[in-house]
Amino acid sequence: MKKMITRLFLFPAVVLAASAHGADYPQRAIRIIVPFAAGGITDVMGRTIANHLSTELGQPVIVDNKPGASGMIGCEAAAKAAPDGYTLLMAGIAPLGTNPVMYRQIRYDPVKSYEHIGLVAKQPLVVALSNAVPANNIRELAAYLKQRPPGDMFYGTSGSSYQLITEAFNAQLGVKMTHVPFKGTSPAIEAMLGGQIGFMIDPYSTMGPLVKAGKVKALALTADKRSDAAPQLPTVIEEGVPGFEASSWQGLLAPAGTPKDIVQKLNAALVKILASDEIKQNFSASGVQPSPSTPEEFRRFIVAENQRWKSVAAAAGIQPQD
């Protein structure tokens, strides 16, 4: 009986302590780890959200770039950080969606290592061709590739996510191209302009200026609908490839064990930010789609991405690297 009374007195104290997390948070600067170098799309998203979160929460929000190992160094650092809401992670499709498929040695789990605050943005990808390739739409590209020996066309990527997306594209067209990996988008684009590769799937934010300048051909977007940034471009689905959709994406996370009320407070601030006209206009100029979600929706999204790319890798015969 005495133990029961003690528990009854303790229970309200525990509830009050838990609820105080969100009420008092934040009381000092917040750090957002970006697992890539400055200047890339994930860094841009991280800095944009950091600036607006600082206004919403009334505390400085600082971006900490920790690049290396396809984003795995920064993601591991975030997973090991104190779960107090003062270290967050801005990461996307490569470290959270495709790295678990492409690498054996990965010291974090995209689902179990984090609390999922919310999806931030999606970027439609462009199916781009070298001007030297005699095709002007998806149907002509498929016909051209089927007339040539399998693997005769070279495609370039700057990361594992784009390799898997391209292999999924190949599978649905029933064609085979040969993968050429590059250490970044710039050398891949240089190779396309120089004629060493003929095909790329890459974000519109990087390929758009080249398309407008007439340096490469854009056949379609991989999004599920047309983009306001390039309304003239059809989707791959419109071009006769049913159900094909793939996007680059980013989301905000916290270390596993971060109190739920802090996660909810951060989610509410993030959703408000993404709904603002300023963000919508800012993102639209680069072909980026604000994509707010609940924490649970974001978690389910990552689970689905992991399953999807695992299936694509198995079908393409891609083995994980050490």
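This report describes strand pairing, selected residues and aromatic contacts in a predicted model.

## Basis of the values

Residues are numbered from 1 along each chain as its sequence is written. Local features need pLDDT of at least 70, side-chain atom pairs count only at pLDDT 80 or more, totals for chains, interfaces and linings use all residues, and side-chain values use heavy atoms, with hydrogens and water left out.

Helices (H or I, at least four residues) and strands (E, at least two) are DSSP runs, numbered from the N terminus. Buried means under 20% relative accessible area, exposed over 50%, and partly exposed in between, with a 1.4 Å probe and protein chains only.

Two strands count as paired if DSSP finds at least two bridges between them. E9 pairs in the antiparallel sense with strand E3 (residues 87-92) over 4 bridges, and also in the antiparallel sense with strand E4 (residues 114-130) over 9 bridges. Gln-250 in E9 is the bridge partner of Gly-92, and Ala-121 stands opposite Gln-250 too.

## Aromatic pairs

The structure holds 6 aromatic pairs. Rings of Phe, Tyr and Trp (its six-membered ring) pair if their centres lie within 6.5 Å; planes under 30 degrees apart count as stacked, over 60 as edge-to-face and the rest as tilted. The pair of Trp-249 and Phe-301 is edge-to-face because the ring centres are 5.0 Å apart and the planes stand at 80 degrees. Trp-249 belongs to strand E9 and Phe-301 to helix H11 (residues 295-316), so this pair ties together parts 52 residues apart in sequence. Trp-249 is buried, at a relative accessible area of 1%.

Phe-169, Phe-199 and Phe-244 form one aromatic cluster. The charged end of Arg-28 sits over the ring of Tyr-86, 3.8 Å from its centre; this term requires NZ of Lys or CZ of Arg within 6 Å of the ring centre and within 35 degrees of the ring normal.

## Glu-76 in helix H3

Glu-76 lies in helix H3 (residues 72-80) and is buried, with a relative accessible area of 15%. A polar contact of 2.7 Å joins its side chain to that of Lys-80. Such a contact is a pair of N or O atoms within 3.5 Å; within protein, one must be able to donate a hydrogen and the other to accept it, and residues adjacent in sequence count only if both atoms are side-chain atoms.

Beyond its neighbours within four places in sequence, Glu-76 is in contact (heavy atoms within 4.5 Å) with Arg-107, Tyr-108 and Tyr-114.
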